[in-house]
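Please work through the exercises below with the sequence and the coordinates open beside you.

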Amino acid sequence: MVRTGFLLPVLVSALVAGGAAGVAEAAEAPRVPEAVGVGGVVSSIDPDASRIGVEVLRRGGNAVDAAVAVAAALGVTDPFSAGIGGGGFLVYYDARTHRVSTVDGREIAPAAADANLFVENGTAIPFDEAVTSGLSVGVPGTPRLWQRALQRWGTYSVDQALKPAEDLARRGFTVDATFNRQVTENAARFGAFDSTAALYLPVPAVGSTFRNPDLADTYRELRHDGVDALYRGPIGRDLVRAVRTPPVAAGTTRTVRPGKLTRADLAGYTAPQREPSRTRYRDLDVFGVAPPSSGGTTVGEALNILENVDLGAQTETQYLHRYLESSRLAYADRNRWVGDPAFVDVPTKALLSQGFADSRACLIAPDKVLTSPVAPGDPRNPTACGTTGAPAATPYEGTDTTHLTVADRWGNVVAYTLTIEQEGGSGIVVPGRGFLLNNELTDFSFTPATPGVPDPNLPAAGKRPRSSMAPTIVLRHGEPVLALGSPGGSSIITTVLQVLTQRLDRGVPLVRAIAEPRASQRNSVSTQAEAAFLTTPAAAALQALGHRFTSTAEIGAVTAVERLPDGRWRAAAETTRRGGGAAAVVTAR
């Protein structure tokens, strides 16, 4: 997450020619949490990325064109969260047809993977060793998702969409405190790989200019030769070599396991268009991504659990109590039932049924707290207040994802969450290519979450690990009301749920709803909460009911857009989390 001025494309060639002097003359782009107007809006974590997106919209591109351009720019300025070495999920609303569609760009396990991918001698390998390895790298989905979305709904080619990001990578940007911190915190493992150390070490100083010419050249190759340069060409060749023979630095003491990925795995990758999850909530239709992401089903189930309660009429304590308890129950069901539908029978429709939600809602009492871990319900055969089998734990997921949201002048909307999983992914930069590889396969369960209970998220050849990404679009009578999403690993779901209920039920203005202190209950004994949340009177009242809290620095980093009654759009982002977000509009009004 870095900040520097983005000059319009007509000035790019001059800026590149000017080198460092040109960069020095560029004004630093401001971080603005709200922008209102017409012609289109963009919200992301980074000002350069958002301004690139707005420029695409200003020049006649649509929401999908802008979303891909923003995502490519985030691969430059937010490389420890996203990039072409990772994957994601995109949700698209088509203003002409009033339909919502999704594209699944989730990474997949190589053909050589099996249920014991992370097991040695009958024991799961240490998590940190799994992360920083070739073993954790799944087939990247991001470039194929870009291609699929642009071909299906865009007006730009991959060539056009990646040009601004190539220029940004080549001319450089100004390092901010967040970028500096991310490298500092990962310096030890970055130093374990020659290619990563060469790109990011020594730690770039705040205020210095950071350039990534290798990534610029990689983007240029993708522009000229298409994404098959990665899936079937020389970029893929270099990627596979880095996975199978990690560029480990001489003298490192870190255990770095090689991966199993092959060029055939890359060549076989697809980014399928899937039907979205859909939940009827009050007079709204809430659309998200269906499995293999658990985002749509878990947000949807929690909303259904809350359906019969007037959250706007509740006290702050009772609202938060019900929000936390609904997410506790929804996570219990997520952990038991959701995985890759190509490999397990996921009861998506049943999980999103109001009847099942009602059978779970009756477990919530206004004056006491459920004891976690709560056992799941049976969505195919719901019984009032019933549970079935043993509870399944919520495994850890890396929190350093990113999200962007776009609306264009025609009313098309994109909510797009993308990631390389852990902060810095696997830690492996593909030599000569300038991008980090994901560690997405660590989102699989290493061993069954509950012994003796079927786990839908064990590794398998060609399987997509379960995700918590929850890009969401809300419609009323077929027209867009709100779109949002967040990073945060497994807390993505609760972040989206909390902002949705604050905005839709409590009437909290969008920027304030995003800025509100957060708490995240994921069927655990203790609820994660930000320090600011723990100082509120409601937190003390919740503790009196029996809630237990564990302090954490930050939960999520939302970006969102909403349609105003007069037809204007509002883009909204964080005021402080991750250094603040960047909302931008084509024409402020």
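The model is a predicted one, in which local features need pLDDT of at least 70 and side-chain atom pairs count only at pLDDT 80 or more, whereas totals for chains, interfaces and linings use all residues. Residues are numbered from 1 along each chain as its sequence is written, and side-chain values use heavy atoms, with hydrogens and water left out.

**Exercise 1. Salt bridges**

Task: State how many salt bridges the structure holds, and characterise the pairs Glu440 with Arg106, Glu530 with Arg577 and Arg380 with Asp345.

Solution. Step 1: the criterion is a side-chain nitrogen of Lys or Arg within 4 Å of a carboxyl oxygen of Asp or Glu, and the structure holds 39 such salt bridges.

Step 1: Glu440 and Arg106 meet through their side chains at 2.9 Å, N to O. Helices (H or I, at least four residues) and strands (E, at least two) are DSSP runs numbered from the N terminus; in these terms Glu440 sits in the loop between β12 (413-419) and β13 (472-476), and Arg106 in the loop between β3 (99-105) and β4 (119-120), 334 residues apart. With buried meaning under 20% relative accessible area, exposed over 50% and partly exposed in between (1.4 Å probe, protein chains only), both Glu440 and Arg106 are buried.

Step 2: the salt bridge between Glu530 and Arg577 has an N to O distance of 2.7 Å. Glu530 belongs to strand β16 (residues 527-530) and Arg577 to the loop between β19 (569-573) and β20 (582-588), 47 residues apart, and both Glu530 and Arg577 are buried.

Step 3: Arg380 and Asp345 are joined at 3.0 Å, N to O. Arg380 lies in the loop between α16 (354-361) and β11 (401-408) and Asp345 in the loop between α14 (316-337) and α15 (348-351), so this pair ties together parts that are 35 residues apart in sequence. Arg380 is partly exposed at 43% relative accessibility, while Asp345 is exposed at 61%.

Step 4: beyond these pairs, a network of salt bridges links Asp159, Glu166, Arg170, Asp217, Arg220 and Arg223.

**Exercise 2. The disulfide**

Task: Identify which cysteines form a disulfide, and say how accessible Cys362 and Cys385 are.

Solution. Step 1: with a disulfide taken as a pair of cysteine sulfur atoms within 2.5 Å, the count comes to one.

Step 1: the partners are Cys362 and Cys385, whose sulfur atoms are 2.1 Å apart. Cys362 and Cys385 are both found in the loop between α16 and β11, 23 residues apart.

Step 2: Cys362 is partly exposed at 35% relative accessible area, and Cys385 is likewise partly exposed, at 37%.

**Exercise 3. The surroundings of Thr405**

Task: Decide whether Thr405 is buried or exposed, and find its polar side-chain partner.

Solution. Step 1: Thr405 is placed in strand β11 and counts as buried, at 0% relative accessibility.

Step 1: the side chain of Thr405 makes a polar contact (a pair of N or O atoms within 3.5 Å; within protein, one must be able to donate a hydrogen and the other to accept it, and residues adjacent in sequence count only if both atoms are side-chain atoms) with the side chain of Thr559, at 2.9 Å.

Step 2: if contact means heavy atoms within 4.5 Å, and residues up to four places away in sequence are not counted, Thr405 touches several residues, among them Val41, Val414, Leu484 and Val561.

**Exercise 4. A sheet**

Task: Give the strand order of the open sheet that contains β16.

Solution. Step 1: three strands form the open sheet in the order β15-β16-β17, with mixed pairing, where two strands pair if DSSP finds at least two bridges between them.

Step 1: the edge strands β15 (519-520) and β17 (549-552) each pair on one side only.

Step 2: β15 and β16 pair in the antiparallel sense over two bridges, and Gln528 in β16 is the bridge partner of Ser520.

**Exercise 5. Nonpolar cores**

Task: Describe the largest nonpolar core and the contacts of Tyr416.

Solution. Step 1: a nonpolar core is a set of buried Ala, Val, Leu, Ile, Met, Phe, Trp, Tyr and Cys residues joined through side-chain atoms within 4.5 Å. The largest has 83 residues, of which Trp146, Leu162, Tyr200, Tyr219, Leu404, Tyr416 and Leu437 touch the most other members; α3 gives the most to this core, with 12 residues.

Step 1: leaving aside neighbours within four places in sequence, Tyr416 is in contact with residues including Ala67, Phe89, Trp146, Leu404 and Pro471.
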